[in-house]
Amino acid sequence: MILVTGATGNIGRELVRELDAKGAKLRILVRDPARAATLPERAERVVGDLGEPATLTPAFDGVDELFLLTPGIGTAHTAHAVSAAKAAGVSHIVHLSSINVIGDPMPAMGRWHHQREEIVCGSGIPATILRPGGFTTNALEWAPTIRAEGYVLDPVGPGRFAPIDPADIAAVAALVLTENGHQGEEYALTGNEALTVTEQVRIIAEAVGRDIEVRAAATPAQAVRSRFPDGAPQALADAITEGFTLMRADTVGFRTDTVERLLGRGPRTFADWCARNADAFRRPTTA
């Protein structure tokens, strides 16, 4: 039995479909069953919340493998899940972390994920750590300004990174959940194209069929305000500002060949993802 947390998110949805296609015995932890309505019917739904430990026992009962994805910047959800996993006798945890953990020096985003990794790895349960870089789906944060005014605010200028499709992260997760030999491993996952924001926007524009302007952000803080118009917790805002600064300085772009080594194929391209999601960037049509 495999339990998937975060099953209604960008990675989780893809993972549930991958596992369903493999015929895996599958259970998903959901807070709102309605959000799981489009997921495969064969996946057992159990209502629970990682923030409320008392709700987790039914979800973890009889579980052998756990895919653990916890949102936000704290460690409580991770600790609750690991405690429930230990009580249920779970034999393997596949934990979604972040490539920021291997930063030198480690940024704030990395430190938060590292603390979660320590909880997982200190549990005594064999674990596999997945450390993806930035997701292709992060480009959806640009969709509102693209649709409304046809521009993207760029806080990183010459900086490059290799966005990875959540579908590829899910494919790797499905592999390590269903095949032996991955316990104790740490996998850094990226796409294979190191792109600037300008290059990404150009690819989106080609998929959408319209011009999109790239405007340089005066400061990383301006980009954070644009991303969170209603404000963000100071710790999160500071961490994102730090991340933008580090990304601007990386004009090469960190890449790994892990996806290809594990899956036997190259990662999906950013253009592939844009072609599947172009409607998100188009202005709504009027009757």
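## Selected features of the predicted model

With a relative accessibility of 17%, H113 counts as buried, because buried means under 20% relative accessible area. The model described here is predicted. H113 belongs to helix α4, which covers residues 108-121. Leaving aside neighbours within four places in sequence, H113 is in contact with S97, S98 and V101. V101 stands 12 residues from H113 along the chain, and the C-alpha atoms of the two are separated by 6.5 Å.

The loop between β5 (92-96) and α4 contains P105. The peptide bond that joins D104 and P105 is cis, with an omega of about 5°. For comparison, most peptide bonds are trans.

| Residue | Relative accessibility | Class |
|---|---|---|
| H113 | 17% | buried |
| C121 | 48% | partly exposed |
| C274 | 1% | buried |

C121 is partly exposed, whereas C274 counts as buried. The structure holds zero disulfides.

Helix α6 runs over residues 166-178 and has 13 residues. The buried residues are P166, A167, D168, I169, A170, A171, V172, A173, A174, L175, V176 and L177. At the start of α6, the backbone nitrogen of A167 has a side-chain oxygen of D165 within 2.9 Å.

L177, one of the buried residues of α6, is also in contact with E65. E65 is part of strand β4, made up of residues 65-68. Apart from neighbours within four places in sequence, the residues in contact with E65 are M1, I2, L3, V90, H92 and L177.

How far from E65 is the nearest side chain of opposite charge? That side chain is K22, and the distance is 12 Å. A salt bridge requires a side-chain nitrogen of Lys or Arg within 4 Å of a carboxyl oxygen of Asp or Glu. E65 has no salt bridge, although E65 is buried.

Terms used:
Residues are numbered from 1 along each chain as its sequence is written. This is a predicted model: local features need pLDDT of at least 70, side-chain atom pairs count only at pLDDT 80 or more; totals for chains, interfaces and linings use all residues. Side-chain values use heavy atoms; hydrogens and water are left out. Helices (H or I, at least four residues) and strands (E, at least two) are DSSP runs, numbered from the N terminus. Buried means under 20% relative accessible area, exposed over 50%, partly exposed in between (1.4 Å probe, protein chains only). Lys and Arg count as positive and Asp and Glu as negative; His and the chain ends are not counted. Contact means heavy atoms within 4.5 Å. The expected span of a helix is 1.5 Å times one less than its number of residues. A polar contact is a pair of N or O atoms within 3.5 Å; within protein, one must be able to donate a hydrogen and the other to accept it, and residues adjacent in sequence count only if both atoms are side-chain atoms. A disulfide is a pair of cysteine sulfur atoms within 2.5 Å.
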